[in-house]
Amino acid sequence: MREICIHGHFYQPTRVHPWTGIVEPQPSAGPFRDWNHRIAAESYAPNAAARILDEQGRTRKVRNTYASINFDIGPTLLSWLERERPVLLDGLRTADRDSIARFGRGSAMAQPFHHPILPLCDDADRETEVVWGLQAFERIYGRPAEGMWLSETAVDTPTLETIAAHGVHYIIVVPHQVEAVEWSPGEWTPVEGKDVVNRAFRIELPSGKAVVVAVYDGVVSQAVAFEGLLHSGDRLAKRLDDASHATGFVLIATDGESYGHHHAYGEMALAYAQEQIDARTDCRLTNVASWLERSPPTTRARIREESSWSCSHGVGRWSTNCGCVVDPGRGWHQQWRGPYRAALEALRDGARAALAPLGKALFADPVAARNAYGEVIDRPGEFGEWYRKHAGAEADAQRAEQWLETHRRLLAMFTSCAWFFDEVTGLEPIQNVRLAASAVGMVRQLTGTDLEASFAADLDRIPGNLGTGPLLDALSEYVDAPTARKEESGGIS
């Protein structure tokens with residue numbers, strides 16, 4: 001019995017106003033109010049009730065496609081769905097429960113909280129991002145996560161050590177992220193990507209722990225994302241079946257938004273393909289956790305350090321002028337990437353130093369409290385009781401929450417989307433600066449330390465293609481709380 005697994009990576013960066021927690025209108029998403037609402041209408045909701053048509057073009061069946069795929073959904077997107085689309089969120093929970101009933105293991109995977117590039121995080125931020133992501137997952141789905149989708153599949157040994165320490169069993173990677181395989185005991189062989197496709201391997205770590213990597217089929221995944229394979233459910237089902245013959249298993253992975261947003265009616269092609277595969281007797285749908293349970297890998301492999309799925313240069317796309325661009329025709333450079341990251345890192349380090357003495361007074365263990373804060377993020381009604389378990393000698397619930405929210409912004413400003421595109425004054429880098437600016441304002445309120453001038457100087461030195469004016473404007477606009485909006489929203493979200 002050959003097995004077929006379709007993974008969807010569903011994610012949207014946080015788009016909220018950093019002081020109010022409100023997503024402001026985004027005209028570029030028209031006719032919808034903002035991009036979250038638009039993509040929810042085009043992809044997230046249709047996949048929970050995808051139509052399958054009869055020969056006359058009438059709906060003959062509706063299918064929740066999530067129940068038959070492997071999927072991860074970013075914590076910031078889950079928070080938005082919880083507020084704005086609770087019925088859809090219930091559909092996701094139902095899909096995960098149904099997958100357990102059908103496959104024996106759940107299809108949902110966790111994700112680092114703010115979608116940072118974990119190999120570029122320092123130890124403290126990497127730990128918190130992983131822990132918060134796992135806490136968000138367990139709160140939403142009511143079970144611990146077995147797997148974690150790493151942002152951009154970016155990985156290195158410290159990242160694997162971190163997730164393994166917190167109980168993550170498996171991740172998904174692209175073929176070129178596997179550097180060598182021990183095909184025979186004691187004989188390590190550098191591999192070409194094709195040698196490891198649709199297989200799983202054990203990565204043994206210096207700590208003695210191990211993580212399993214499942215290697216997806218990049219060729220078929222590319223066809224789904226960019227080559228029109230979603231124009232026909234029949235073609236999709238046949239391509240997946242064909243790909244499963246070599247190893248008896250095929251795993252594809254794409255952005256989940258491919259199904260309906262990037263490709264109109266892609267969710268219908270997916271639903272139809274699922275139905276066609278379900279009707280067969282020689283192959284079946286599965287999820288990664290279920291497949292690994294039946295076929296636990298014994299072959300060892302080594303991961304390619306600081307590698308990712310969307311940068312052929314490793315993780316350069318988020319740190320250097322590596323050559324990865326969205327639109328080569330513009331002729332823009334990306335020399336801004338390194339200085340932009342350096343500016344945020346300098347702000348983070350300065351803010352941490354300023355906040356440290358206050359943290360020692362407010363919390364019995366500030367590091368443990370920061371990591372545990374994921375248990376109550378966006379749940380203000382539960383903070384008081386939670387804080388009593390973590391309070392220090394100078395307990396103050398209001399200041400403690402502000403201290404933690406400042407750290408939250410210092411984490412969120414490293415959301416990976418800010419580096420992915422071609423220009424530092426785009427929407428995503430500016431959103432990260434807005435988050436950084438609010439952290440500057442909160443540090444000033446809490447400690448009296450003013451980091452605005454040094455951060456502004458660092459921003460002004462960034463060699464953007466279009467100057468740095470929009471970054472400096474964002475800093476000056478968002479460094480202080482807008483009083484009217486703050487009162488309307490009840491304060492910091």
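The model is a predicted one, in which local features need pLDDT of at least 70 and side-chain atom pairs count only at pLDDT 80 or more, whereas totals for chains, interfaces and linings use all residues. Residues are numbered from 1 along each chain as its sequence is written, and side-chain values rest on heavy atoms, with hydrogens and water left out.

Arginine 60 is joined to glutamate 275 by a salt bridge whose closest N and O atoms lie 2.6 Å apart; the term is used for a side-chain nitrogen of Lys or Arg within 4 Å of a carboxyl oxygen of Asp or Glu. Helices (H or I, at least four residues) and strands (E, at least two) are DSSP runs, numbered from the N terminus. Glutamate 275, at 14% relative accessibility, counts as buried.

A salt bridge also connects arginine 63 with aspartate 278, and here the closest N and O atoms are 2.6 Å apart. This pair again links distant parts of the chain, arginine 63 in strand β3 and aspartate 278 in helix α8, 215 residues apart. Arginine 63 is buried, with a relative accessible area of 11%, while aspartate 278 counts as partly exposed at 32% relative accessibility.

## Other salt bridges

By the rule given above, the count of salt bridges comes to 40. A network of them links Asp122, Asp125, Arg348, Asp349, Arg352 and Arg370.

Aspartate 480 forms a salt bridge with arginine 444, with the closest N and O atoms 2.9 Å apart. The two residues come from distant parts of the chain, 36 residues apart, with aspartate 480 in the loop between α17 and α18 (483–489) and arginine 444 in helix α15. Aspartate 480 counts as partly exposed at 43% relative accessibility, and arginine 444 counts as partly exposed at 23%.

## Helices α15 and α17

The axes of helix α15 (residues 427–447) and helix α17 (residues 469–478) come within 8 Å and cross at roughly 35°, where axes are lines fitted to C-alpha atoms, for helices over the stretch in contact, and angles run from 0 to 180 degrees between N-to-C directions. The crossing of α15 past α17 is right-handed, a term for a near helix turned clockwise from the far one by less than a right angle, left-handed being the anticlockwise case.

On the α15 side the contact is made by Ile430, Val433, Arg434, Ala437 and Ser438, and on the α17 side by Pro470, Leu471, Ala474, Leu475 and Tyr478, contact meaning heavy atoms within 4.5 Å. Sorted by class, this contact has eight nonpolar residues, one polar and one charged; Ala, Val, Leu, Ile, Met, Phe, Trp, Tyr, Cys and Pro count as nonpolar, Asp, Glu, Lys and Arg as charged, and the others, Gly among them, as polar.

## Strand β7 and its partners

Strand β7 (residues 178–184) pairs with strand β13 (residues 301–303) in the antiparallel sense over three bridges, two strands being paired if DSSP finds at least two bridges between them. Within this pairing, alanine 180 has arginine 302 of β13 as its bridge partner.

Strand β7 also pairs with strand β8 (residues 187–190), in the antiparallel sense and over four bridges, and valine 181 stands opposite threonine 189 in β8. The hairpin of β7 and β8 has two residues between the strands, and glycine 186 takes a positive phi near 80° in it.

An open sheet of three strands, in the order β6-β10-β9, has mixed pairing. Its edge strands are β6 (170–173) and β9 (200–204), each of which pairs on one side only, and neighbouring strands are turned by 30° against each other on average, direction ignored.

Strand β9 and strand β10 (residues 210–215) run antiparallel and are joined by five bridges, with isoleucine 203 standing opposite valine 211 in β10. Helix α5 (residues 157–165) packs on this sheet, touching β6, β9 and β10, and its direction makes about 110° with that of β10.

Definitions and conventions: Buried means under 20% relative accessible area, exposed over 50%, partly exposed in between (1.4 Å probe, protein chains only).
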